[in-house]
Amino acid sequence: MKMIRKIAYILTLIGALNWGLVGIAGFDLVAAIFGIGLIANIIYSLVGISALWLIFAPKGE
């Protein structure tokens, strides 16, 4: 569970930085790196799932 939590933090941080870039500069780093398509959608989905994991997963680690 500790490893899952670390991965979730990293993915959530990536998502937060990406949204910061979108808000400040209008630049989507994930789309710039991976294009608009399946891979980018998977990354966006993993970021969202990671955020939900951090909200709802047991904190007793």
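Modeller: Let's start with Asn-18, which is buried, its relative accessible area being 7%; buried means under 20%, exposed over 50% and partly exposed in between, using a 1.4 Å probe and protein chains only. Before going further, keep in mind that this is a predicted model, where local features need pLDDT of at least 70 and side-chain atom pairs count only at pLDDT 80 or more, while totals for chains, interfaces and linings use all residues. Residues are numbered from 1 along each chain as its sequence is written, and side-chain values use heavy atoms, with hydrogens and water left out.

Asn-18 sits in helix H1. Helices (H or I, at least four residues) and strands (E, at least two) are DSSP runs, numbered from the N terminus. Setting aside neighbours within four places in sequence, Asn-18 is in contact (heavy atoms within 4.5 Å) with Phe-27, Asp-28, Leu-29, Val-30 and Tyr-44.

Tyr-44 takes us to the partner helix, as Asn-18 and Tyr-44 both take part in the contact of H1 with H3. H1 covers residues 2-25 and H3 residues 38-56; they pack at an angle of about 120 degrees, with axes 8 Å apart. Those axes are lines fitted to C-alpha atoms, for helices over the stretch in contact, and the angles run from 0 to 180 degrees between N-to-C directions. H1 and H3 are therefore oblique to each other: under 35 degrees would be roughly parallel, over 145 roughly antiparallel, 65 to 115 roughly perpendicular, and the rest is oblique. The crossing of H1 past H3 is left-handed, meaning that the near helix is turned anticlockwise from the far one by less than a right angle (clockwise would be right-handed).

Who makes that contact? From H1 come Ile-4, Arg-5, Ala-8, Tyr-9, Leu-11, Thr-12, Gly-15 and Asn-18, and from H3 come Tyr-44, Leu-46, Val-47, Ser-50, Ala-51, Trp-53 and Leu-54. Sorted by type, the residues are ten nonpolar, four polar and one charged. Here Ala, Val, Leu, Ile, Met, Phe, Trp, Tyr, Cys and Pro count as nonpolar, Asp, Glu, Lys and Arg as charged, and the others, Gly among them, as polar.

Arg-5 also belongs to H1, and at 11% relative accessibility it counts as buried. A polar atom of the Arg-5 side chain lies 2.9 Å from the backbone oxygen of Pro-58. That is a polar contact: N or O atoms within 3.5 Å, where, within protein, one must be able to donate a hydrogen and the other to accept it, and residues adjacent in sequence count only if both atoms are side-chain atoms.

Arg-5 is touched by Lys-59 too, as is Leu-54, not counting residues up to four places away from Lys-59 in sequence. Lys-59 is in the segment after H3 and is exposed, at 53% relative accessible area. Its side chain lies 3.2 Å from the backbone oxygen of Ala-57, and one of its polar side-chain atoms is 3.2 Å from the backbone oxygen of Leu-54. Back to where we began: Lys-59 and Asn-18 are 26 Å apart, C-alpha to C-alpha, and 41 residues apart in sequence.
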